[in-house]
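Me: I'd like a close look at one part of this chain. Could you start from a single side chain and follow the contacts from there?

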Amino acid sequence: MEADIPYAFDTLKKHTLDIYMPPVKTLSYPLIVWIHGGAWMSNDKHADMGYMANTIKAFLNAGYVLASIDYRHSTTAPFPAQIQDCNRAIEYLYQNAAQYNIDESKIALIGFSAGGHLASLVGLSNNNFEKSFYYNGKKPQFKVTVVLDFYGPSDFSTLKGNDSTDPRNPITLLLGGTVAQKTELAKKASPITYIDKKDPPFFIVQGEKDQSVNPDQSILLSNLLKNAKVDNELIIVPGAPHYGVMFDTEQIRGDLMAFLNKYMK
């Protein structure tokens, strides 16, 4: 493991990433980029790893490099700072692939909750040019091979809590206002806005009893991807809440690895 690598050439703690190398040595490894959750306002690049330990072990044992990235919280920088940071971190890995023995043509994204939203947004907007999503407005060169989305919001207009008047509401903090007040920004921040037939395949996992991200978010994303003829698989985990060890089962892990290897190996 190599920790706290600065990816933005500054001293911000939130502009760092960690790299975990596989035990087996080879000339180059496909890359999985881990994007943590926390309602866009909390946690860091170690988040979600505790309850997904077996999945992480499976990634490394299968010969994937895992890079976990930090990004600025909405409490200090509203959207689109988060997507800018994600794009910037992935581009850093792409541009420095040789240094870390990364196969830059094989890049998967995995995200949880807010991280699932960001992973989906990066993956779906990757073949568009949304200038505000890029640092200095310059589009990165990397291409996304596959997205692994764990209960990430996909459409702010139907996301639970989008009409809350609480100024500390995660959506309000991210957008700088309610969805009704920030209609255009909410649309711009919604992954489904960018769906087209050229998008990467998606593996989507959602808890049936999720109290934070309504399951309709994942169902909508899957259906719209299908309509666009984009390969995707949706797993609704019976009785599962918003996060936890119910997402690290042998069954889900097996299906995830099969989907991932189909496109990355």
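Reply: Let's start with Tyr243: leaving aside neighbours within four places in sequence, Tyr243 is in contact with Tyr51 and Tyr151 (contact means heavy atoms within 4.5 Å). Before going on, this is a predicted model, where local features need pLDDT of at least 70 and side-chain atom pairs count only at pLDDT 80 or more, while totals for chains, interfaces and linings use all residues. Residues are numbered from 1 along each chain as its sequence is written, and side-chain values use heavy atoms, with hydrogens and water left out.

Tyr243 is found in the loop between strand S8 (232–237) and helix H7 (250–264); helices (H or I, at least four residues) and strands (E, at least two) are DSSP runs, numbered from the N terminus. Tyr243 counts as exposed because its relative accessibility is 52% (buried is under 20% relative accessible area, exposed over 50%, partly exposed in between, with a 1.4 Å probe and protein chains only). Pro78 is 165 residues away from Tyr243 in sequence and 24 Å away in space, C-alpha to C-alpha.

Now for the cores. A nonpolar core is a set of buried Ala, Val, Leu, Ile, Met, Phe, Trp, Tyr and Cys residues joined through side-chain atoms within 4.5 Å. The largest one has 55 residues, and Leu17, Val33, Leu93 and Phe156 have the most contacts inside it.

With 2% relative accessibility, Lys45 counts as buried, while Asp4, at 37%, is partly exposed.

Each has a further partner. Lys13 bridges to Asp4, the closest N and O atoms being 3.1 Å apart, and Lys45 pairs with Asp18 at 3.5 Å between the closest N and O atoms. Asp18 sits in strand S2 (residues 16–20), so its pairing with Lys45 ties together parts 27 residues apart in sequence. Asp18 is buried, with a relative accessible area of 0%. Through shared partners, salt bridges join Asp4, Lys13, Lys14, Asp18, Lys45 and Asp70 into one network.

Definitions and conventions
Salt bridge = Lys/Arg side-chain N within 4 Å of Asp/Glu carboxyl O.
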